[in-house]
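Please look over the sequence and the structure below, then read on.

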Amino acid sequence: MSKVKYYYDPDTLSYRKIEPEKSKRYRNITFFILGACLFGFLGLILLLNTNLVNTPRELSLSREVKNYELQYELLNKKMEQIEEVLGNIEDRDNNIYRLYFEANPIPDEQRKAGFGGINRYKSLEGFNNSEMIISTTKRLDIIKKQIAIQSKSLDEITKLAEEKEKLLMSIPAIQPINNEDLKRMASGYGWRSDPFTKARKMHYGMDFTAPRGTPVYASGDGKITRADNNSSGYGKHIRIDHGYGYLSLYGHLSQYNVKKGQKVKRGDLIGFVGSTGRSEAPHLHYEVWKDNDRINPMNFYYGSLSPEEFENMLKFANQENQSLD
């Protein structure tokens with residue numbers, strides 16, 4: 001209840017009650033309501049421009065932003081893991097695989113180079129997070145390029161491995177006569193006494209003494225280029241072209257088990273020991289050629305002899321005795 005106010009009237013020497021004017025009362029009420037509305041409106045604006053009160057849409061957008069930030073952080077970690085694994089593969093590729101197969105390593109500048117020329121990321125500009133988006137996209141593009149380069153490198157390594165395996169199988173690497181069929185290694189590569197003229201003469205192969213009809217085997221994969229007796233001194237003989245500049249020759253045979261143009265594998269039966277041509281006794285004359293030069297066959301027996309057998313053969317091969325052809 002509002003207070004009642006009085007004033008002193010000197011004319012009547014008494015206190016009189018103050019009666020408020022209705023217009024003034026209405027004016028005060030109006031000012032109060034207007035002031036309250038003004039302060040309420042200003043307060044509402046203030047609240048809407050602070051984080052104290054958010055609309056449902058703002059709360060939803062805020063959750064989406066936090067989720068995107070989390071996904072971006074996870075994406076970064078995944079890219080770091082991919083880069084680490086890819087870096088390990090690239091290191092092994094350069095320092096093991098390509099080194100083993102004698103291929104030039106791929107430089108890091110080539111593996112991790114960016115993309116020159118036109119701006120590939122122009123469509124990503126103009127957004128609030130354009131710098132982050134462009135940086136991440138560039139990083140992904142470089143990773144994809146690294147994977148493409150590594151894939152091509154592994155394709156190349158696969159081909160080199162297949163070629164290396166083919167080379168290893170083609171090299172004449174085994175003894176052409178089994179040890180159990182061998183009587184002795186009569187003569188090795190080097191200067192020897194000729195059995196007919198007794199003159200000192202260069203002997204370009206190895207003579208394996210064995211009974212007539214003893215099996216003779218291909219010392220490496222290849223193709224038969226000759227199986228005839230049309231070469232002076234060798235009698236019936238076989239020549240195998242192994243590729244990569246290698247050729248092997250088997251002389252003084254009694255008969256053939258292959259024909260010209262036939263492909264053979266290492267260890268295939270190709271003929272039999274004899275004494276045809278310029279020969280003093282049944283034996284196999286064996287030669288190895290590399291790039292049209294005759295070389296010592298002793299260098300290629302790693303595929304069939306134990307260290308003890310090789311050492312024993314080497315001792316006999318180095319003796320300057322008489323050859324059998």
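## Leu284 and its contacts

Leu284 touches Pro176, Ile177, Met206, Asp207, Phe208, Val216, Tyr250, Gly251, Leu253 and Val273, leaving aside residues up to four places away in sequence. Contact here means heavy atoms within 4.5 Å.

The model is predicted: local features need pLDDT of at least 70 and side-chain atom pairs count only at pLDDT 80 or more, while totals for chains, interfaces and linings use all residues. Residues are numbered from 1 along each chain as its sequence is written, and side-chain values use heavy atoms, with hydrogens and water left out.

## The nonpolar core

Leu284 is also one of the residues with the most contacts inside the largest nonpolar core, together with Ile238, Ile240, Tyr250 and Ile270. This core has 23 residues. A nonpolar core is a set of buried Ala, Val, Leu, Ile, Met, Phe, Trp, Tyr and Cys residues joined through side-chain atoms within 4.5 Å; buried means under 20% relative accessible area, exposed over 50%, and partly exposed in between (1.4 Å probe, protein chains only).

## The chain as a whole

The protein chain has five helices and 14 strands, taken as DSSP runs (helices H or I, at least four residues; strands E, at least two) numbered from the N terminus. Of its 325 residues, 30% are buried.

## Asn292

Asn292 lies in the loop between β13 and β14 (293-295). Its relative accessible area is 68%, so Asn292 is exposed. Asn292 and Gly245 are 47 residues apart in sequence, and their C-alpha atoms are 7.4 Å apart in space.
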